[in-house]
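Please study the protein shown below with its sequence at hand. The paragraphs that follow proceed from the overall form to individual residues.

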Amino acid sequence: MTVTPAIEADVLRRQDPELADLLLAERRRQATTLQLIAAENFSSPAVLAALGSPLANKYAEGYPGARHHGGCEIADAAERLAVDRARALFGADHANVQPHSGSSAVLAAYAALLRPGDTVLALGLPHGGHLTHGSPANFSGRWFDFVGYGLEADSGLVDHEQVRALARTRRPKAIVCGSIAYPRHFDHAFFREVADEVGAYLIADAAHPLGLVAGGAAPNPVPYADVVCGTTHKVLRGPRGGLILCRADLAERVDRAVFPFTQGGAQMHTVAAKAVAFGEAATPAFSAYAHQVVANARVLASRLAAEGLAVTTGGTDTHLITADPAPLGVDGRTARSRLAAAGLVLDCCALPHGDARGLRLGTAAVTTQGMGEGEMTRIAHLLAAVLRNVTDPSTAREEVRELAGAFPPYPH
Ligand SMILES: *Cc1c(COP(=O)(O)O)cnc(C)c1O
């Protein structure tokens, strides 16, 4: 890998030293701390190069071959490449690569399948549902009648009996499976069966695991769900953006729901960068990466449990771990800020039961840096030492700086 191109460009430093300094400071922050935020990753220099390309200048409302603007021949070719690669990668009849974000993809999926006021069954927010799964602060909670299913108290696993019972009594128009924090695989066949029983659409919001699916390290929701929504910037390691996959018979409704219903012109530089990322994700190297992400997360989860944290569901099948630090005598929010001071950057999350906040962490970014199981053990040990106050933050910060320095995200 080479150095991030855009930041290095002398032209930016000459033209706008103030902003260039900020970008360099952010690059330094990313290279000297550990990015354990489950939704983050380091996209490749090729992806970043596509983002900084002249396609950023191009207006291309519409779809390849049917644009509202002239001069779209090359933009068309780039979008067709992205669509073809996404379809091949996930085995989908149809792909729409224009959603600006994961939330935009979900909005478009609802717009394609639902009417305002329809009932939708989704994982409740306190149990790991996303904002777009019925939060009152989000369009979803205001425009649809969301019913939340939950996780079992003892196991932390999706309560299938409750899903089935709520589907039978509430007769939702759509069922959503997907989460921002659930560390296990959703049972797509189960959700398909329930959706069929009550005549509901099944929407898989696979924003988090989609990269694992691409690498063959997680089950693919495409054969089961009517519509699959995703992001391209999480484990998938592409540019920030969204993606929708669906069956051929829903293609036109999905496309119209993205443009012109919920979006204007696509960001063609991002579409081009998505094409690059899908190309990368189809390689054996990416498959090895995806499997290493899971192997690392399993080790990190078991080491955190050994250090005394209460790991939800007792482990993970994915890149993602949630854990309650309370057994170490510290609550989630305090833990997050203490860890941030040590350079261990992660999130708080809701825990399945009670009001306490837990910690959510993931291994996508550190695995891209080349870290393996040995480093995961070291990170778990350091994290627990900081939370127990046996290592002071400045000592921990030095150790993090040294560890991060040995695995630069963009080596020279
Ligand atoms: C990340 C995520 C989203 C939203 O993605 P944005 O790009 O932040 O809008 C939606 N749903 C789930 C389940 C997610 O994990």
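A residue is called buried when its relative accessible area is under 20%, exposed when it is over 50%, and partly exposed in between, with a 1.4 Å probe and protein chains only. The model is a predicted one, in which local features need pLDDT of at least 70 and side-chain atom pairs count only at pLDDT 80 or more, while totals for chains, interfaces and linings use all residues. Residues are numbered from 1 along each chain as its sequence is written, and side-chain values use heavy atoms, with hydrogens and water left out.

Let us begin with the whole protein. It has 17 helices and 15 strands; helices (H or I, at least four residues) and strands (E, at least two) are DSSP runs numbered from the N terminus. The C-alpha trace spans about 60 × 60 × 40 Å along its principal axes. A compact globule of 412 residues would have a radius of gyration near 22 Å, and the 21 Å of this protein agrees with that; the radius is taken over C-alpha atoms, and the globule rule is 2.2 Å times the number of residues to the power 0.38. Of the 412 residues, 57% are buried.

Contacts, meaning heavy atoms within 4.5 Å, also describe the fold. Among those with a separation of 6 or more, 71% are between residues 24 or more positions apart.

Consider next Asp 317, in the loop between β11 (310-311) and β12 (320-324). Asp 317 counts as buried because its relative accessible area is 17%. Its side chain forms a polar contact of 3.2 Å with that of Arg 298. Such a contact is a pair of N or O atoms within 3.5 Å; within protein, one must be able to donate a hydrogen and the other to accept it, and residues adjacent in sequence count only if both atoms are side-chain atoms. Beyond its neighbours within four places in sequence, Asp 317 touches several residues, including Pro 183, Arg 184 and His 185.

Leu 382 belongs to helix α16 (residues 373-387) and is buried, because its relative accessibility is 4%.

Finally, the backbone deserves attention. Is Asn 389 buried or exposed? Asn 389 counts as exposed because its relative accessibility is 53%. This residue lies in the loop between α16 and α17 (393-406), and its phi is near 65°, a positive value in a residue other than glycine.
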